[in-house]
Amino acid sequence: MEIDRRDFLQIAASLGLLGAVGGTNLFAGEGVKERISKLTFSDVVAFEPKGKATILHICDMHAHLKTLYWREPSTLISAKNLVGTPGFICGEAFQKHYGIQPGTLDAYFDTHNDFTELAKKFGKMGGIAHMKPIIDHVKKERGKENVLLLDSGDTWQGTAVALKTGGEAIVDAQNYLGVDVMVGHWEFTYGKERVHELIGQLKGEFISQNVIDNDPFSDEFEELIFPPYTIKEIGGAKIGIIGQSFPFTSTANPKRFTEGWSFALRHESLQEYVNMLRKEKKVDCIVVLSHDGFSVDQELAKKVKGVDFILSGHTHDPSPEPIIVNDTVILISGSHGKYISRLDIDIQDKKVAGYNFKLIPVASNLIPADKAGVDLVEKWYKPYNKELNEVLGTTKGLLYKRDTFYSTFDSLIGMAIQDEMKCDINFNPGYRWGTTVLPGDPILKDNVYEMTAITYPEVYTFDLKGEVIFKLMEDIADNVFNANPLLQQGGDMSRLTGASYSIKISAPSGKRISDFMIGGKPIDMKKTYRVSSWGGNLQNVGENLDEKAIRPVYEVVSDYIRKKKVIDIPLESNVKVLDMDCGCPVKGATC
């Protein structure tokens with residue numbers, strides 16, 4: 001679609017930008033009012049073209065077809081050697097690292113700083129109907145035959161409409177956007193049969209070099225489940241694209257969904273495909289389309305030679321600038337449809353001679369919606385609107401998801417579970433997807449699904465010994481804070497309700513957690529506690545499972561909000577970090 005000057009000015013006026021000074025990097029500087037009066041859609045997607053081939057990239061949309069608010073973390077901590085490095089930067093440290101001014105559109109999209117105020121100023125983010133005009137603009141500028149749209153996965157899962165349609169609505173959206181190639185992770189939680197059905201509906205390709213059959217009774221034993229790579233010709237160049245799905249799928253999610261499939265990093269076979277594409281297929285450029293996670297891909301680039309670009313996903317990081325490791329350029333494009341990355345590649349003499357890169361923010365109030373996208377969303381949501389548009393209650397404070405230890409939306413989920421199940425302690429998974437609800441706004445049933453819509457939503461209640469609970473938390477900490485990114489699985493710490501603890505990130509494995517309290521009393525290693533959990537496998541190690549109390553988490557939370565009517569969740573975390581003084585430390589773990 002084309003957006004004329006009048007359309008853009010109407011949107012700018014509705015945001016109060018015509019009378020503002022500053023407000024976004026796009027509007028900052030001398031002669032602000034004069035510049036705004038001349039703005040066109042081209043200003044939003046301004047880019048210095050390079051070469052003839054263009055790759056657009058998205059990742060971690062988590063099935064968000066509609067616009068949303070999404071707040072970045074105010075606590076983002078890892079091992080000391082990783083803190084302050086790309087993938088572990090937040091808040092003011094992020095702004096300083098990338099040269100972002102406070103109060104700007106970039107600050108709003110990339111940090112938690114002044115989030116509520118900036119949300120009211122700039123409005124919602126993402127939405128497929130607002131992503132499409134950006135994609136169409138680039139294809140018109142470059143020629144659609146010279147543009148690819150690549151998707152690093154975590155696309156089919158995360159909202160009610162995804163869950164209720166078994167992913168079909170999301171594949172329809174991908175086809176509308178024009179996804180050419182994708183890889184996966186949460187996609188696999190629909191189960192093997194459904195995954196193959198959805199791939200059959202996808203107009204693009206699903207590739208992965210690191211998923212193989214490990215069922216010894218299968219005719220395909222030790223064979224690849226999906227094509228490992230594809231070759232695309234754009235801008236007169238041959239681009240070899242190798243797929244890398246999430247290597248820890250079978251441990252991060254219940255094994256029953258992928259029984260008989262083996263997942264691993266498999267950098268050795270990746271190197272073999274790189275060599276083959278170079279020597280036999282004579283490609284000009286090699287791209288790894290990855291769902292390893294930003295920090296893991298930085299390690300992968302140290303192990304595999306000859307890769308030009310890694311398009312990463314899984315860890316939800318927005319990175320305004322690529323990371324370069326051993327001549328491999330690594331980029332990642334945020335989450336929830338907030339960004340579309342544009343990568344222009346200049347191929348000379350059958351190799352990469354240069355590139356330009358930009359994160360294009362999908363600021364939905366600045367980009368009029370494409371009607372076909374609006375119609376697509378309406379079509380898929382219409383059967384469920386009565387349920388999803390129910391106002392369950394309102395929130396006094398900000399309900400957000402992402403943080404290393406604690407978030408208000410997770411706290412709400414935990415309170416709801418503890419209220420119904422009467423447990424001593426509740427475990428909530430450290431998932432990184434969801435939504436944000438602004439102070440004073442209604443909480444819709446749809447918002448609850450956006451935090452909990454998985455294919456295994458059951459809340460279980462059972463018994464666990466104190467020593468098991470303590471060891472479990474140490475094991476989770478060892479994963480989240482391991483100094484070796486290859487031993488991290490890319491999640492945040494499990495959230496606890498009914499408990500609190502202190503943690504020393506730099507302590508040895510198994511000795512990080514102290515002052516562990518349950519119900520306000522020190523944990524008793526020999527005592528049996530009543531525990532509730534969802535979104536994992538913890539019930540498998542418990543005893544005395546209450547089978548009559550099993551309910552989907554989204555129903556438990558919805559009932560609680562209906563009962564309370566007004567939700568007021570404290571911002572104060574129940575976790576104390578002993579060796580860092582702030583939630584967004586800089587390199588060297590200093591504040």
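**Exercise 1.** Which residue forms a salt bridge with D410, and are D410 and K401 buried or exposed?

Solution. Start with the definition: a salt bridge is a side-chain nitrogen of Lys or Arg within 4 Å of a carboxyl oxygen of Asp or Glu. D410 pairs with K401, and their closest N and O atoms are 2.9 Å apart. Next comes accessibility, where buried means under 20% relative accessible area, exposed over 50%, and partly exposed in between (1.4 Å probe, protein chains only). D410 has a relative accessible area of 2%, so D410 is buried. K401 counts as buried because its relative accessibility is 3%.

The model is predicted: local features need pLDDT of at least 70, side-chain atom pairs count only at pLDDT 80 or more, and totals for chains, interfaces and linings use all residues. Residues are numbered from 1 along each chain as its sequence is written, and side-chain values use heavy atoms, with hydrogens and water left out.

**Exercise 2.** Locate the partners of the salt bridge between K338 and E72.

Solution. The closest N and O atoms of K338 and E72 are 2.8 Å apart. K338 is in the loop between β12 (328-332) and β13 (339-348), while E72 is in the loop between β1 (53-58) and α4 (91-98); the pair links distant parts of the chain, 266 residues apart. Helices (H or I, at least four residues) and strands (E, at least two) are DSSP runs, numbered from the N terminus. K338 is buried at a relative accessible area of 0%, and E72 is buried at 3%.

**Exercise 3.** Describe the salt bridge between K471 and D475.

Solution. The closest N and O atoms of K471 and D475 are 3.1 Å apart. Both residues are in helix α18 (residues 466-480), four residues apart, so about one helical turn separates them. K471 counts as exposed at 52% relative accessibility, whereas D475 is partly exposed at 41%.

**Exercise 4.** How are the rings of W186 and Y431 arranged?

Solution. Rings of Phe, Tyr and Trp (its six-membered ring) pair if their centres lie within 6.5 Å; planes under 30 degrees apart count as stacked, over 60 as edge-to-face and the rest as tilted. For W186 and Y431 the centres are 5.1 Å apart and the planes at 90°, so the pair is edge-to-face. W186 lies in the loop between β3 (181-182) and α10 (192-201), and Y431 in the loop between β16 (425-428) and β17 (442-444), so the pair ties together parts 245 residues apart in sequence. Both W186 and Y431 are buried.
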